[in-house]
Amino acid sequence: MEKHRLATVLILTVVAWLGSVQAGWAQLDNRAFYNRLPLGPGYERQIRLDVHGLLFNKDNEYFNKIDPGLTYFGAQLAPRLVYFPAANLRLEAGIFLQKDYGTLRFRQVRPLFTLKYANGPHRLLFGNIEGNLQHGYIEPMYDFERVLTDRLEEGTQYQYLTNYTFLDAWVNWRRQQYRFSNYQEQVAGGLSVERRLLGDSTGWLLKLPFQFTATHRGGQLDTVDRPLQTLFNVATGLRVRRALASRFVQAAHFDGYVTYFHDYSFTYELPYKRGTGLYLNAGLDTRLTNLQLAYWQGSGYISPIGGRLYQSVSVSVADPNYTEKSRQLLILRAIKDYKLPGNVVLTTRLEPLYDLNNGLFDFSFALYLNFSQSFLLGTVRGE
C-alpha cells in the first residue's frame with residue numbers, strides 16, 4: 001500500500017505541473033445516458049420542448065456481504081420547456097418523474113430548472129447541472145447505479161471544453177437545512193479533468209485524467225447531536241486507446257488508475273481513516289460487443305458516492321457492520337449500444353465478477369433504453 005501512496009503522489013504532482021487540461025468518458029462508455037444541453041446561434045429565440053427518458057432493468061445477482069443483490073426495474077421521464085433568449089444562453093424548466101415498477105406511486109416527482117451560459121470554451125450552469133455519469137468518473141469514485149436511484153444534481157457547475165481539454169468542476173447541494181432542523185445539511189462536489197496528450201492519424205490516443213470528489217455532512221442550524229463528516233476521494237492514472245483496421249476488432253484500450261480516500265472529519269465514525277485502491281481495465285471494441293476485463297484491489301477504501309462493490313464497508317441490511325479491509329475483484333464486462341430510429345439507444349450489459357478473497361462468483365445483467373427528442377414549438381420575433 002505504501003507503493004500505491006507513492007504512485008498517487010507522483011502522478012498528482014505531474015497533473016498539477018501540466019496546468020491545463022479532450023472530453024471523454026471513464027473506463028465505461030456511458031454516452032448513451034448523457035443529456036448535454038445544446039447551445040448555439042441556430043437556437044437563438046427558439047422555444048422548444050425537450051423530452052428525455054430512460055427505461056431500465058438491472059438485475060444484480062450478488063451474494064457477498066458488502067453489496068447485496070437487488071433488482072432495478074422502472075422508468076424515468078423528464079420533459080422540459082426550453083427558451084434561448086440569445087445564442088449563448090439557455091433557460092429551461094420542467095419536471096422529472098421516476099416510476100419503479102411494482103409500486104403504485106412515483107418514486108420521484110421533482111421540478112427542473114436550469115440556466116446555461118456559454119462563452120467560447122467556457123460553460124456555466126445553475127440549477128440542475130449536467131451531472132451524474134456525465135462527470136466522467138470511474139466507478140470506484142462515482143457509482144453507475146446512481147443514475148437509477150439519485151440521478152438529479154442541483155447546484156453550480158463550470159465546464160471548460162476544447163478539442164484537447166475536458167474540465168468539469170461542480171457542487172451538488174444535496175440537502176438544505178433550516179433553523180432547528182432535525183437533520184444535517186449535505187453537500188457534494190468535485191473536479192474531473194482530462195488532458196489529451198496524444199491523438200494522431202496512426203490511431204493512438206493517450207489521455208491523462210485526474211478526478212476528485214468531496215462530501216460533507218454537517219451544518220450549524222440543526223438540533224442533531226451528530227459530528228460533522230468530511231470525506232475526500234482522489235483518482236488519477238493513464239488512458240491509452242489504439243484504433244485498429246481489423247474488420248472484427250475496431251479498437252484496443254487500457255485504463256489504469258490509483259485511488260486514495262481520506263477522512264478529514266474532526267470525529268471519526270468510519271472504520272478506516274484512509275484507504276487506497278488500484279483499478280485496471282483492458283478491453284477490445286468488436287463488431288459484436290465491447291469486452292472489458294477489470295481488476296480492483298482496495299485497502300480500507302471508502303467512497304460515499306462511489307460504487308458499493310469496491311468499498312471496504314458493507315451496505316447490507318443483514319450485515320451492516322461488516323468490513324473487509326482488503327478487496328480484490330475481477331470483473332468481465334460485455335457491453336453493446338444499439339442505435340434505433342428516433343434517437344433511441346438500447347444498451348445491453350453483462351457483468352460477471354469474481355471475488356478473489358472470498359472465492360465468490362456473482363454477476364449482473366442489464367437492459368437500458370435511452371431516448372431523447374427535441375420539438376420546435378416556435379420562435380420569438382425580434383424587436
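**Cavities and pockets in a predicted model**

Biologist: How much space lies in the second largest cavity?

Modeller: A cavity is a set of points on a 1 Å grid over the protein atoms alone where a 1.4 Å probe fits but cannot get out. Points are joined across faces, edges and corners, and the volume is the space filled by probe spheres set on them. For the second largest cavity, that space is about 220 Å³.

Biologist: Which residues lie closest to the centre of the second largest cavity?

Modeller: Lining residues have an atom within 4 Å of a point. The second largest cavity has 19 of them, and the closest to its centre are Lys58, Tyr62, Glu139, Glu145 and Leu309.

Biologist: On what kind of model do these values rest, and how are residues numbered?

Modeller: The model is predicted, so local features need pLDDT of at least 70 and side-chain atom pairs count only at pLDDT 80 or more, while totals for chains, interfaces and linings use all residues. Side-chain values use heavy atoms, without hydrogens and water, and residues are numbered along each chain as its sequence is written, from 1.

Biologist: Which strand gives the most residues to the lining of the second largest cavity?

Modeller: Strands are DSSP runs of E, at least two residues long, numbered from the N terminus. Here S1, S14, S15 and S16 each supply at least two lining residues. With 3 residues, the greatest contribution is that of S15.

Biologist: How many charged residues does the lining of the second largest cavity have?

Modeller: Asp, Glu, Lys and Arg count as charged; Ala, Val, Leu, Ile, Met, Phe, Trp, Tyr, Cys and Pro as nonpolar; the others, Gly among them, as polar. This lining has 8 nonpolar and 2 polar residues. Its charged residues number 9.

Biologist: What is the volume of the largest cavity, and which strand gives the most to its lining?

Modeller: The largest cavity holds about 350 Å³ of space. Its lining has 25 residues, with Asn35, Ile129, Gln134, Arg151 and Leu152 closest to the centre. Two or more lining residues come from each of strands S1 (46-63), S2, S3 (89-100) and S4 (108-119).

Biologist: Is Ala86 buried, partly exposed or exposed?

Modeller: Ala86 is found in strand S2, which spans residues 68-86. Buried means under 20% relative accessible area and exposed over 50%, with partly exposed in between (1.4 Å probe, protein chains only). Because its relative accessibility is 23%, Ala86 counts as partly exposed.

Biologist: What distance separates the C-alpha atoms of Ala86 and Pro68?

Modeller: Along the chain, Ala86 and Pro68 are 18 residues apart.

Biologist: Which residues lie nearest the centre of the largest pocket?

Modeller: A pocket is an open set of points with protein on both sides within 12 Å along at least five of seven lines. The largest pocket has a volume of about 1,100 Å³, and S16 supplies the largest share of its lining, 5 residues. Of the 45 lining residues, those nearest the centre are Asp29, Arg31, Ala32, Asp337 and Lys339.

Biologist: Which strand supplies the largest share of the lining of the second largest pocket?

Modeller: The second largest pocket contains about 560 Å³ of space. Its lining numbers 24 residues, and Arg174, Gln229, Ser303, Pro304 and Ile305 are closest to the centre. Strands S8 (185-199), S9 (204-218) and S10 (229-243) each provide at least two lining residues. The largest share, 3 residues, comes from S9.

Terms used. Helix = DSSP H or I, 4+ residues; strand = E, 2+ residues; numbered from the N terminus.
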